[in-house]
Amino acid sequence: MKPTIHLVDGSLYVCRAWFGQGPDVFDAEGAPAHAVHGFARFLLELIERARPTHLAVAFDESLDSSFRNAIYPAYKANRPPAPADLLRQFGHCKALAAALGASVLVDQKYEADDLIGSALAVARTEGFRGVIVSADKDFGQLINEGDEQWDPPRNQRWDGHGIKQRLGVHPHQVADYLALTGDAVDNIPGISGIGAKTAAILLHHFGSLEAVLERADEVAFLRFRGAASTATRLREQAAAARMSRALTGIALDAPVPAQAADYRRSAIDAQIDVLLDRLEFGPLTRSRVRALAASDMSA
């Protein structure tokens, strides 16, 4: 078995906790702490279940400063600004992840996806397989043989074959697939009128986005509903598709630690009780942290 690096899409699980429950717990200053508490439960369960030797948690800080904004200024422009309270709790979640021994990855230019992809690229050079902890379909493009994507709260785990079942395309086609369909969440235009099924048909037949665009005239002769109008849209919107592809591809050259050893999970911070006090964690969480700390010492 190859050694494994676990790479966590921290922002996803912080936001799930933020939206998934009301502000029913508070820190020592009386500010809401529900996202931090929800994220703590998630991360503790992950560490307890997987016992990762190498663990990184990536967070988004490039909310409007990503390199993708330079390519397409409207990228993610449909999203409202994050509330100040959510940003404050993000800071606590980063501190908690570091205190639990994870490497914390953040950058003003690159998103969490890019940091995860780049860390995985580093680890692969030293023979590691990756487990990407996220439900985000974008990560499908990073899955090679032996890699997995895992969403622990929903108890779902899938590999490259699972990506094919979910999206209808192979992992290496995922970025092209997203460039064709667009992504309303990130405000990526894609090609109007092309949905998931049509994108999968096109990539099955032609192999890649560039081949689809170069051979757009042939699309009219394929046997699916709307083939002729799809061919027209591909010709008319080729530039939009190529621009979208520049947005959907995950960067593998973001500034991340350059050796697999840099991602080895460290022992729990001896001063973690200070953080737990500040965030008003209860006895159950504290006992779980103590059990992990004891396990770390005996490992």
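**View 1. Helices H1 and H2 cross in a right-handed manner.** Here a crossing is called right-handed if the near helix is turned clockwise from the far one by less than a right angle, and left-handed if anticlockwise. Welcome to a predicted model, in which local features need pLDDT of at least 70, side-chain atom pairs count only at pLDDT 80 or more, and totals for chains, interfaces and linings use all residues. Residues are numbered from 1 along each chain as its sequence is written, and side-chain values use heavy atoms, leaving out hydrogens and water. Helices (H or I, at least four residues) and strands (E, at least two) are DSSP runs, numbered from the N terminus.

H1 covers residues 10-20, and its axis lies 8 Å from that of H2, at an angle of about 125 degrees. That makes H1 oblique to H2; angles under 35 degrees count as roughly parallel, over 145 as roughly antiparallel, 65 to 115 as roughly perpendicular and the rest as oblique. Axes are lines fitted to C-alpha atoms, for helices over the stretch in contact, and angles run from 0 to 180 degrees between N-to-C directions.

**View 2. A close look at the residues where H1 touches H2.** From H1 come Gly10, Tyr13, Val14, Ala17 and Trp18, while H2 brings His34, Ala35, Gly38, Phe39 and Phe42. Contact means heavy atoms within 4.5 Å. Sorted by class, this contact holds seven nonpolar, three polar and no charged residues. Ala, Val, Leu, Ile, Met, Phe, Trp, Tyr, Cys and Pro count as nonpolar, Asp, Glu, Lys and Arg as charged, and the others, Gly among them, as polar.

**View 3. H2 also packs with helix H14.** H2 (residues 34-50) and H14 (residues 283-298) meet at an angle of about 30 degrees, their axes 11 Å apart. That makes the two helices roughly parallel, and H2 passes H14 in a left-handed crossing. On the H2 side you will find Arg41, Leu44, Glu45, Ile47 and Glu48, which meet Thr285, Arg288, Val289 and Leu292 in H14. This contact has four nonpolar, one polar and four charged residues.

**View 4. Six strands form an open sheet with mixed pairing.** Follow the strands in the order S3-S2-S1-S4-S5-S6. Two strands pair if DSSP finds at least two bridges between them. At the edges are S3 (103-105) and S6 (156-158), each pairing on one side only. From one strand to the next, the twist averages 20 degrees.

**View 5. S5 and S6 run antiparallel.** Three bridges join S5 (residues 148-151) to S6. Look for glutamine 149, which stands opposite tryptophan 158 in S6.
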